[in-house]
Amino acid sequence: MMRTYAAAVALATALTACNGDDPKPRASESVPMIATDPCPEPSAPRQGGGDRLPDVELTCLGRDSRVNMRALGGTPYVVNLWASWCLPCRTEMPEFQKVYTGLKGRVGFLGVDTKDFERPARESIQRAAVSYPSVFDPDERIKRAVNTRSLPATVFLNADGSIASVHVGQLTEAELRAEIAKHLGVS
């Protein structure tokens, strides 16, 4: 009985989170273009109290721009850490797209492709028909900053840029909407 329970817990964990120990996909010569909404405009890093994302600039996937992660704010933000090799990450991407479409203009969304290669990341975005922007973080700087070993992870930022909450594991559309209402006060 105990063995069955342990196996069920291990399977549930594997289905809802990736620990980052998965092998990276192979790099390729050409990288497909993707069409997403623009990344947030560059601005000065935000100051003030509360935990914040680190003062690092990440390249916007599919665009010739960079995003300073500490500068996010002005509106509440959902920052989703994902990777192309992470099945729960790829599974939740269409769910995030639905919520992004419904809350566009009231809540900003930004994906953070983590410990990955650019080609498979762009292919994942295309397959999931995601239009919210993503940045490229091959060195896992944001993942380390929010102190998680697993993907997907979702960071909820208040309009002032402070971290309201971090959720580790896959989210459905309904769960994401509930988390946004709870932590960011937007429904």
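Biologist: What share of the contacts with a separation of 6 or more comes from residues 24 or more positions apart?

Modeller: In this protein they account for 75% of such contacts, where contact means heavy atoms within 4.5 Å. This is a predicted model, with local features needing pLDDT of at least 70 and side-chain atom pairs pLDDT 80 or more, while totals for chains, interfaces and linings use all residues. Residues are numbered from 1 along each chain as its sequence is written, and side-chain values use heavy atoms, leaving out hydrogens and water.

Biologist: Happy with that! Why are H2 and H3 called oblique to each other?

Modeller: Helix H2 (residues 87-103) and helix H3 (residues 118-128) pack at about 45°. Angles under 35 degrees count as roughly parallel, over 145 as roughly antiparallel, 65 to 115 as roughly perpendicular and the rest as oblique. H2 and H3 are therefore oblique. Their axes, lines fitted to C-alpha atoms over the stretch in contact, with angles running from 0 to 180 degrees between N-to-C directions, lie 9 Å apart.

Biologist: Which residues make H2 and H3 meet?

Modeller: Arg90, Met93 and Pro94 in H2 meet Ser124, Ile125 and Ala128 in H3. These contact residues divide into four nonpolar, one polar and one charged.

Methods: Helix = DSSP H or I, 4+ residues; strand = E, 2+ residues; numbered from the N terminus. Nonpolar A, V, L, I, M, F, W, Y, C, P; charged D, E, K, R; others polar.
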